[in-house]
Amino acid sequence: MRCPFCAHENSQVKDSRPTEDNTAIRRRRQCEGCGARFTTFERVQLREITVIKASAHGGDLRREPFDRAKIEQSVSLACRKREIPQERLDQLVSGIQRQIETMGDAEVSSHTIGEMVMDGLRQLDSVAYIRFASVYRDFSEARDFEEFASTIVDAAGSDQNQREQIQHDQATKGKA
Ligand SMILES: [Zn+2]
């Protein structure tokens, strides 16, 4: 496995054990070049699945192999600083992957995956949900985002912490 830090070709496995839910093997590796440590996961992939992406302006469809890591990245970006246990995020992503694999199609649209992530995040954390949705739905007008966010703030109800985080996100969105 190539080192992600220095691109050295070889690394040694220092430790290897199943994850909590027993759906993957987690390996701690050490680079033989720079000595950096990193982790890899070995998971079952039932079938080869292709993701179809429509370009934003209605041009050609692009196809790429399904990549769990991409879902992990957008989920953890949406959940940053929300103190949600990593285990919950892993479960969310595993659930989405399982749904896709059991749909029985060799191809899935990025739109379908996006909706699954939104569903999962909505149940997990309203702030993370809004963050993901605001990127995914690509609100073109600040007003659209505010309208959408205010419905979620209402849904968050008496959760003061969530209301504040949502309002903070709204306030900083225009400056980003
Ligand atoms: Zn290295």
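Is Glu72 buried, partly exposed or exposed? Glu72 is partly exposed, at a relative accessible area of 28%, where buried means under 20%, exposed over 50% and partly exposed in between (1.4 Å probe, protein chains only). This is a predicted model in which local features need pLDDT of at least 70 and side-chain atom pairs count only at pLDDT 80 or more, while totals for chains, interfaces and linings use all residues. Residues are numbered from 1 along each chain as its sequence is written, and side-chain values use heavy atoms, with hydrogens and water left out.

**Surroundings of Glu72**
- Glu72 touches Arg43 and Val93, not counting residues up to four places away in sequence; contact means heavy atoms within 4.5 Å.
- Glu72 and Val117 are 45 residues apart in sequence, and their C-alpha atoms are 10.0 Å apart in space.

**Nonpolar core**
- The largest nonpolar core has 23 residues, and those with the most contacts inside it include Ile71, Ile100 and Val117.
- Such a core is a set of buried Ala, Val, Leu, Ile, Met, Phe, Trp, Tyr and Cys residues joined through side-chain atoms within 4.5 Å.
- Among the residues that Ile100 touches, not counting those up to four places away in sequence, are Arg47, Phe66 and Met116.

**Zinc site**
- Cys3, Cys6, Cys31 and Cys34 coordinate the zinc ion through their SG atoms at 2.2 to 2.4 Å.
- Donors are N, O and S atoms within 2.8 Å of the metal (3.2 Å for Na, K and Ca); water is not among the atoms, so sites may look incomplete.
- Cys31 is buried, with a relative accessible area of 4%, whereas Cys34 is partly exposed at 42%.
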